[in-house]
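Welcome, and please open your viewer. We will take a short walk through one protein chain, selecting a few residues at each stop.

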Amino acid sequence: MWKGNVPRINLLEGLGVEGDAHMGETVKHRSRVARDPSQPNLRQIHLIHAELLDELAATGFEVEPGRMGENITTRGLDLLGLPTRTRLLIGKSAIVEVTGLRNPCLQLNGIAPGLMNAVLDRDAEGNLVRKAGVMGVVIAGGEVTPGDRIHVELPAGSHSPLQPV
C-alpha cells in the first residue's frame, strides 16, 4: 500500500495516476471488483491532508506521506469539507474531480495497530466521521510535482456533502 514519495506523478485523464494499482476506468478495489467489475472507478486518485498526519503524530502514530496509499498530500486545504464534484486544478494542467470520502479499511492496521480507528471519529450527534482523505477522478491529465498550487473550483448549484466511495 505504501506509495513512497516521488518527485512527480503523471495523471492520466479518465484513468488516474500512471502506474498506480487503482488506475483504470473501472473499479480496482478487490471488494468492489467482486461485486461488479464493470462499476466506474470513482477512486482513481487519493488525496490526504497533511494536517491528519500531524494529528496522528500527536497521538503517537508516525505515518509518512504516502504510507496510507494516498497519491497526493495537501496542506492548508480543507479536503473533508469540500462538496462532491469539486474540481481541484493542480499544477499547470491536471484537474481532479472529488467523488467522495475514503472509507478506511483494516489494511491501515497493518501499518500500525489501531490506525484505522485513529482515522475515524464521531461528531456531536454520534455520526461516523471519516478523516482518511478524499477520492477523485482525473478529468484532465498532467504532471503533478510537490509544491504545485491547487486551485479549488466549487461545483455550480447546490452542494452535496461528501459520502464514502
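Let's begin with charged pairs: a search of the whole structure finds five salt bridges. Keep in mind as you look that this is a predicted model. Side chains of opposite charge can pair when their charged atoms come close.

**Stop 1: R75 and D54**

Select R75 and D54 and show their side chains. The two meet in a salt bridge, 2.8 Å from N to O. Now colour the chain by secondary structure: R75 sits in the loop between β4 (72-74) and β5 (87-90), while D54 belongs to helix α2 (residues 50-58). The pair links distant parts of the chain, 21 residues apart. Are these two side chains buried or exposed? R75 counts as exposed, because its relative accessibility is 53% and the cut-off for exposed is over 50%. D54, at 40%, counts as partly exposed.

**Stop 2: E55 and K131**

Next, select E55 and K131. Their side chains also form a salt bridge, at 2.5 Å from N to O. E55 is in helix α2, and K131 is in the loop between β8 (128-130) and β9 (134-140). These partners are 76 residues apart, so look for two distant parts of the chain being linked. E55 is partly exposed, with a relative accessible area of 37%. K131 has a relative accessible area of 10%, and it is buried because that value is under 20%.

**Stop 3: R87 and E97**

Now pick R87 and E97. Here the closest N and O atoms of the salt bridge are 3.0 Å apart. R87 lies in strand β5 and E97 in strand β6 (residues 94-101), so this pair ties together parts that are 10 residues apart in sequence. R87 is partly exposed at 29%, whereas E97 is buried at 18%.

**Stop 4: a three-stranded sheet**

Switch to a cartoon view. Strands of a sheet pair through backbone hydrogen bonds, either parallel or antiparallel. Which order do the strands take in this open sheet? Three strands line up as β2-β1-β10, with antiparallel pairing. At the edges stand β2 (16-17) and β10 (142-144); each has a single partner strand, so one side of each is left without a neighbour in the sheet. Zoom in on β1 (residues 9-12), which is joined to β2 by two bridges. Select L11 and you will find that its bridge partner in β2 is V17.

**Stop 5: the largest pocket**

The space inside is about 570 Å³. β4 gives the most to the lining, with three residues. By type, the lining divides into 11 nonpolar, 10 polar and seven charged residues.

**Stop 6: the second largest pocket**

For the last stop, select H22, H29, R43, R102 and Q107. They are the closest to the centre of the second largest pocket, which is lined by 23 residues. About 460 Å³ of space lies in this pocket. Which elements give two or more residues to its lining? They are α1 (30-35) and β3 (45-49), and α1 gives the most, with three residues.

Methods. Residues are numbered from 1 along each chain as its sequence is written. This is a predicted model: local features need pLDDT of at least 70, side-chain atom pairs count only at pLDDT 80 or more; totals for chains, interfaces and linings use all residues. Side-chain values use heavy atoms; hydrogens and water are left out. A salt bridge is a side-chain nitrogen of Lys or Arg within 4 Å of a carboxyl oxygen of Asp or Glu. Helices (H or I, at least four residues) and strands (E, at least two) are DSSP runs, numbered from the N terminus. Buried means under 20% relative accessible area, exposed over 50%, partly exposed in between (1.4 Å probe, protein chains only). Two strands pair if DSSP finds at least two bridges between them. On a 1 Å grid over the protein atoms alone, a cavity is a set of points where a 1.4 Å probe fits but cannot get out, and a pocket is an open set with protein on both sides within 12 Å along at least five of seven lines; lining residues have an atom within 4 Å of a point. Grid points are joined across faces, edges and corners, and a volume is the space filled by probe spheres set on the points. Ala, Val, Leu, Ile, Met, Phe, Trp, Tyr, Cys and Pro count as nonpolar, Asp, Glu, Lys and Arg as charged, and the others, Gly among them, as polar.
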